Amino acid sequence: MDEPTELPIDGVLDLHTFQPRDVKPLVNDDLDACRERGIFEVRIIHGKGIGMLRDTVHAVLRARADVEDFRLAPEDRGGWGATIVRLKTG
């Protein structure tokens with residue numbers, strides 16, 4: 001049985017080491033934890049690949065009522081291999 005992984009809650013979530021089946025709950029849990037800590041801009045690193053992980057992340061973001069908007073990161077923050085999420089503050 002795998003041991004739980006303790007992730008820092010710092011506004012950056014790197015999904016490279018996680019199984020695809022874990023992505024949806026992981027993204028939701030991380031965004032919840034960021035909101036609790038007053039972090040309203042989050043960078044989710046999903047990698048470039050063929051886009052399946054990016055599509056999964058974007059589907060999770062579209063389903064959340066507390067997401068103000070999201071977009072692919074600028075080149076200096078990961079380009080199309082990462083997504084910048086802005087959470088609602090109120």
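Reader: Which residue is the bridge partner of phenylalanine 70 in β4?

Author: Valine 85 is the bridge partner of phenylalanine 70. Bear in mind that this is a predicted model.

Reader: Do β3 and β4 run parallel or antiparallel?

Author: The two strands run antiparallel.

Reader: What stands opposite valine 85 on the β2 side? Or put the other way, which valine?

Author: Valine 42 is opposite valine 85. β2 and β4 are also paired in the antiparallel sense, over five bridges.

Reader: What is the strand order in the whole sheet?

Author: The order is β1-β2-β4-β3, in an open sheet of four strands with mixed pairing.

Reader: Which strands stand at the edges?

Author: β1 (12-14) and β3 (67-72) do. Each has a single partner strand, so one side of each has no neighbour in the sheet.

Reader: How many degrees does the twist average?

Author: From one strand to the next, the twist averages 20 degrees.

Reader: Back to β1. In which sense does it pair with β2, parallel or antiparallel?

Author: Parallel, over three bridges. Within that pairing, leucine 13 has isoleucine 44 of β2 as its bridge partner.

Reader: Which of the residues of β4 and β2 are covered, in numbers? How many are buried in β4?

Author: Five of the six residues of β4 are buried, so β4 is largely enclosed by the rest of the structure. β2 is mostly covered as well, with four of its five residues buried.

Reader: Now the helices. What angle and axis distance do α1 and α2 have?

Author: Helix α1 (residues 23-36) and helix α2 (residues 52-63) pack at about 50 degrees, and their axes are 10 Å apart. That angle makes α1 oblique to α2.

Reader: Is the crossing left-handed or right-handed?

Author: α1 passes α2 in a right-handed crossing.

Reader: Which residues make the contact?

Author: On the α1 side they are Val23, Lys24, Val27, Asn28 and Leu31. α2 contributes Leu53, Thr56, Val57, Val60 and Leu61.

Reader: How many of those are nonpolar, polar or charged?

Author: Seven residues of the contact are nonpolar, two are polar and one is charged.

Reader: Which strands does α1 touch?

Author: α1 packs on the sheet and touches β1, β2 (41-45) and β4. The direction of α1 makes about 155 degrees with that of β2.

Reader: And where does α2 lie?

Author: Across β2, β3 and β4, running at about 160 degrees to β3.

Reader: New topic: where is phenylalanine 40?

Author: In the loop between α1 and β2. Phenylalanine 40 is partly exposed, with a relative accessible area of 26%.

Reader: Why "partly exposed" and not "buried"?

Author: Buried means under 20% relative accessible area and exposed means over 50%, so the 26% of phenylalanine 40 falls in between.

Reader: What is phenylalanine 40 in contact with, beyond its sequence neighbours?

Author: Leaving aside neighbours within four places in sequence, phenylalanine 40 is in contact with Arg35, Val85, Arg86, Leu87, Lys88 and Thr89. Glutamate 68 is 28 residues away from phenylalanine 40 in sequence, with a C-alpha to C-alpha distance of 9.5 Å.

Reader: Where does threonine 89 sit, then?

Author: Threonine 89 is in the segment after β4. Threonine 89 is exposed, with a relative accessible area of 62%.

Reader: What does threonine 89 contact?

Author: With neighbours within four places in sequence left aside, threonine 89 is in contact with Arg35 and Phe40.

Reader: How far is threonine 89 from glutamate 68?

Author: They are 8.7 Å apart, C-alpha to C-alpha, and 21 residues apart in sequence.

Note on methods: Residues numbered from 1 in each chain as written. Predicted model: local features only at pLDDT ≥ 70, side-chain atom pairs only at ≥ 80, totals over all residues. Heavy atoms only, no water. Axes fitted to C-alpha atoms, helices over the stretch in contact; angles between N-to-C directions. Parallel < 35°, antiparallel > 145°, perpendicular 65-115°, else oblique. Left-handed = near helix turned anticlockwise from the far one by under 90°. Contact = heavy atoms within 4.5 Å. Nonpolar A, V, L, I, M, F, W, Y, C, P; charged D, E, K, R; others polar. Pairing = 2+ DSSP bridges. Buried < 20%, exposed > 50% of the residue type's maximum accessible area, 1.4 Å probe, protein only.
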